[in-house]
Amino acid sequence: MATRSVRRPAGVLGGVLAAGAALAIGYLVAAITGGPWPVDAVGVQVIDMAPGPVKDWAVRELGTNDRPLLRLGICVTLTVIAGLAGFIASRGGRRPQQIAVGIAAGLGLVGLAFAIFSRSAATSVIDRVLPSIATLIVAVVGMFLVTQAFKPNLLLESPTPREKEQPEGFDRRRFLITVSALAVAGGAAWSATKVLPVRAGAALRDKFKVPIPADRAAAVPAGVQVDVPGISNFVTPNPKFYRVDTLLEVPRIDPDKWELRIHGMVDKELRLNLADLVDRRLIERDITLTCVSNEIGGPYVGNARWIGVPIKDLLAEAGVKSGADAVKSTSVDGLTIGTPISALTDGRDAILAVAMNGEPLPFEHGFPVRMVVPGLYGYVSATKWLVDFEVTRFQDFSAYWTDRGWAAEAPIKTASRIEVPKGFATLKAGPAVAAGVAWAQRRGIKKVEVRVDEGEWQPAKLAAEDTIDTWRQWTFKWDATPGMHRLTVRATDGKGELQTTELAAPRPNGSSGLHDVVFSVE
Ligand SMILES: Nc1nc2c(c(=O)[nH]1)N[C@H]1C(S)=C(S)[C@@H](COP(=O)(O)O)O[C@H]1N2
Ligand SMILES: [Mo]
């Protein structure tokens, strides 16, 4: 029959648009409430449950791109299922219609369940469920309307005998109205999230004024930045700072509502709001952060000027009970990080940071308060969106990444990276300059050496040192002769210890081995 060929694609289109409108409207409600978009709620579970090797692969191959890809994958999966539901509905009749609406309701309920149980930054239960409830309602109503275009239309009629009296057919007009309405509603909701300042965000961050630290950092010495095109900025601009976290949404905490509880094995529990916190002695320091997931030569390292309260002051105020050897810190989304108390009290500049490069912390980097501890990889020290700080013992808990096969304690390994030339570049023959960075936070960098092909190690020229907690740039002049060449770099830390050549993958406690680049000279 003639209409069959139209009905089926129409059903699929209707199902897809119902899903699209539901997801878009859910996204808008999530933007307004700060609650989790159901897609993100599912995504967080995927992240939490992904086996280590899969996650390592995603971080390595996709980097920060794994976030949009994960969202896309979930959206596509949901939309395909909804399209299938629409296809079923296009047969007309009670059963297919029930199945289609049932599938829409089922998907919506799954989203709601994930929103309730997944890690999320939403603080109130209402915010947590509203986006999924909106999604659920639009999905069910949308799918119901789609089914209404396909005859016989018996969804709301019970007596079976009447089924025969109903004409088979396709209500084209009704279908067009429905899909147009879904497309417009979905499109409008999606556009609204782009144009309206709905993410009450910016305003929240503007509420907080960066305080003036009592103990300022010295000016960054002249000569820390080498003048070679293609080298990193010595101070990483905030928008370029690498980012590693395990949520798909970015928590947006209201600084007026933020509170930190310092408790556990302490003499006196502290509860601090943001004003209380910055009312204490503030220090300003340049500290280079590094991620344990960074591959040899990888990008997950950045250097910033931070302002914050020394953690040792807060611990002294609270009074650490004997026997405690760890702090378990928790972020607003429930992620936990374990840090040795020794690293927080041995005199290094471990801080609860409130500013990054002269601004309040960007939302992506932990606004309003995060930890920064020189010398430890981020996953054991740099808790963003910090809300809870418990003095405890390593043996009494295990943190988020420790549960996923990463070491409980992880000092940063000495590393060096070639930034110029890039691998597989083509250079002109003649005098050439290579350049890069090296880091060994807490120890500093004393020497960097470069090797051309299998030649002798030759000293690179070190740029000025800022502090032992920051990375250090270097340059190396050499004479490039035609052909394929390889440059390899190695660093020696401030204690005189050479960077290890032993090859290690990031898991469990950081990659090691020498970085090299291969390129051709013409
Ligand atoms: N709340 C929270 N804090 C977190 C993380 C996270 O996933 N969630 N990731 C940690 C890791 S693995 C690193 S390397 C640093 C990265 O900080 P950045 O994103 O500001 O560069 O933050 C740490 N703090
Ligand atoms: Mo990390």
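In the predicted model, P38, A41, V42 and Q45 of helix α2 are in contact (heavy atoms within 4.5 Å) with G111, F114, A115 and F117 of helix α5. The residues of this contact comprise six nonpolar, two polar and no charged; Ala, Val, Leu, Ile, Met, Phe, Trp, Tyr, Cys and Pro count as nonpolar, Asp, Glu, Lys and Arg as charged, and the others, including Gly, as polar. The axes of α2 (residues 38-49) and α5 (residues 94-117) come within 8 Å and cross at roughly 60°. Helices are DSSP runs of H or I with at least four residues, and strands are runs of E with at least two.

Ligand 1 is surrounded by 20 residues, the closest being Y242, D245, H365, R370 and K384; a residue is counted if one of its heavy atoms lies within 4 Å. Polar contacts are pairs of N or O atoms within 3.5 Å. An N or O atom in the R370 side chain is 2.7 Å from an oxygen atom of ligand 1. A nitrogen atom of the ligand lies 3.0 Å from a side-chain N or O atom of S331, and a backbone N or O atom of A382 is 3.0 Å from a nitrogen atom of ligand 1.

The F367 to P368 peptide bond is cis, with omega near 0°, and P368 is located in the loop between β10 (359-360) and β11 (370-372). V420 and P421 are also joined by a cis peptide bond, with omega about -5°.

Residues are numbered from 1 along each chain as written, and chains are lettered from A and ligands numbered from 1 in written order. Local features require pLDDT of at least 70 and side-chain atom pairs pLDDT 80 or more, whereas totals for chains, interfaces and linings use all residues; side-chain values use heavy atoms, without hydrogens and water.

Key:
Axes are lines fitted to C-alpha atoms, for helices over the stretch in contact, and angles run from 0 to 180 degrees between N-to-C directions. A polar contact is a pair of N or O atoms within 3.5 Å; within protein, one must be able to donate a hydrogen and the other to accept it, and residues adjacent in sequence count only if both atoms are side-chain atoms.
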